[in-house]
Amino acid sequence: MEFLLAWVETFVRWLHVVAGVAWIGTSFYFIHLDYSLKAPPGLPQGAQGEAWQIHGGGFYHMVKYVVAPARMPDELTWFKWEAYATWFSGLALVVLVYYIGAELYLIDRHVLDMSPAAAIAFSIGGLVIGWLAYDFLCRSSIGRNEARLAAIGFALLVALAFGFTQTLSGRGAFMQMGAIIGTIMAANVLLVIIPGQRRVVADLIAGRTPDSEYGRRGKQRSLHNNYLTLPVIFVMIANHYPLVFASRWSWLVLALVIVIGAAIRHFYNQRHRGLPSPWWTWGLAALCGAAIIWLSALGPAESQGDSRGGRAPSFAEVEEIVVARCAACHAAEPVWAGIVAAPKGVMLDTPERIRMQRRAIALHAAWTAAMPPGNLTEMSPEERAALALWVAAAR
């Protein structure tokens with residue numbers, strides 16, 4: 001069964017990446033198209049602007065209407081399945097990895113002792129609350145002021161990130177925030193953009209004048225999705241980088257990642273508009289990146305106690321820690337229930353293998369608290385400090 005689940009997870013992850021590329025690609029393209037439109041004389045009635053493009057040996061003439069054309073075209077292409085496929089495949093991954101393996105990846109009993117059922121319910125509730133809070137902000141008077149909406153929406157995401165780091169494992173909290181952002185983006189398509197477009201189409205068919213509010217609201221949510229794409233991509237890959245999710249200030253790291261992603265998108269969006277390039281955004285991104293590196297260097301969430309006075313432990317002491325805390329999974333024949341092979345092929349069951357994986361041990365168990373997952377084997381802060389001293393002395 002575990003063998004089959006491993007392959008199911010692999011194919012679902014592949015689908016998630018492919019669907020995400022397609023969705024994000026259309027988001028980037030249409031924001032670029034929207035901002036690059038020009039309004040020369042002779043545009044059709046109701047048109048906002050046009051753009052001429054060349055690609056693949058052909059010319060394309062794109063015209064955008066403020067609300068809708070005078071008559072319904074015979075064929076209309078809808079852009080929605082990319083978003084739906086990305087969200088459903090992402091939800092499937094959450095279930096396969098984090099819900100089925102809740103004790104390993106979602107719960108850290110040193111953060112909050114809860115049952116797998118409670119953690120899963122907490123996670124699902126977070127998805128619902130995140131979307132409802134965001135949607136309320138957009139529909140309220142706050143949503144009429146984009147700068148104010150962005151500031152309050154950002155504060156909401158940071159507050160949620162902090163809250164989840166106080167309840168879930170570091171890995172689980174980061175996953176949860178990625179799932180919330182992805183849910184907001186997909187729900188924007190499913191519950192706001194597409195329904196609005198359907199009402200416009202229905203009005204056209206019925207001979208009624210479409211309400212321009214649907215277009216305004218759809219463009220607003222589409223722009224939000226555009227600014228959230230780079231942060232959500234980062235969260236998608238953050239699972240592979242423990243310095244991101246397993247450090248003491250992981251919630252603040254996520255906040256800075258959101259700033260970096262939004263700043264880079266703002267740079268390109270302004271260029272697409274034909275406005276002066278805001279080069280300051282790259283300086284802001286660099287400063288936030290430097291701050292992330294500094295924050296990750298502060299160590300794991302647990303305070304590390306150095307009871308050795310800076311003295312590096314002997315290798316025998318290191319081997320005892322690794323065998324006791326890590327080798328149950330990281331061995332040629334793992335003994336931990338549900339683990340059929342050493343994760344990522346990393347084995348720590350011999351002195352040679354421990355020495356060879358020195359950097360990986362430091363990254364996952366000394367500089368961060370990524371391993372053991374959920375700290376199920378009870379690695380202490382003193383043991384992490386000892387591993388850090390051993391790695392530093394071996395350089």
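**Reading the model step by step**

Mentor: Gladly! In this predicted model, His55 has Gly58 of strand 2 as its opposite residue.

Trainee: What makes strand 1 and strand 2 a pair?

Mentor: Pairing takes at least two bridges. Strand 1 (residues 47–55) and strand 2 (residues 58–65) have 8 bridges in the antiparallel sense, so the two strands count as paired. Their hairpin has 2 residues between the strands, and there Gly56 takes a positive phi near 60 degrees.

Trainee: How do you know that the span of helix 9 agrees with its number of residues?

Mentor: Helix 9 covers residues 250–272, which is 23 residues. After helix 9 comes Gly274, with a positive phi near 80 degrees.

Trainee: What can you tell me about the second largest pocket, and which residues are closest to its centre?

Mentor: The second largest pocket has a volume of about 1,700 Å³. Of its 47 lining residues, Phe30, Lys64, Tyr65, Phe79 and Gln197 are closest to the centre. Elements giving two or more residues to the lining include helix 1, strand 2 and helix 6.

Trainee: Why is Phe counted as nonpolar and Lys as charged in that lining?

Mentor: The classes go by residue type: Phe is on the nonpolar list and Lys on the charged one. By class, the lining has 28 nonpolar, 11 polar and 8 charged residues.

Note on methods
Residues are numbered from 1 along each chain as its sequence is written. This is a predicted model: local features need pLDDT of at least 70, side-chain atom pairs count only at pLDDT 80 or more; totals for chains, interfaces and linings use all residues. Side-chain values use heavy atoms; hydrogens and water are left out. Helices (H or I, at least four residues) and strands (E, at least two) are DSSP runs, numbered from the N terminus. On a 1 Å grid over the protein atoms alone, a cavity is a set of points where a 1.4 Å probe fits but cannot get out, and a pocket is an open set with protein on both sides within 12 Å along at least five of seven lines; lining residues have an atom within 4 Å of a point. Grid points are joined across faces, edges and corners, and a volume is the space filled by probe spheres set on the points. The expected span of a helix is 1.5 Å times one less than its number of residues.
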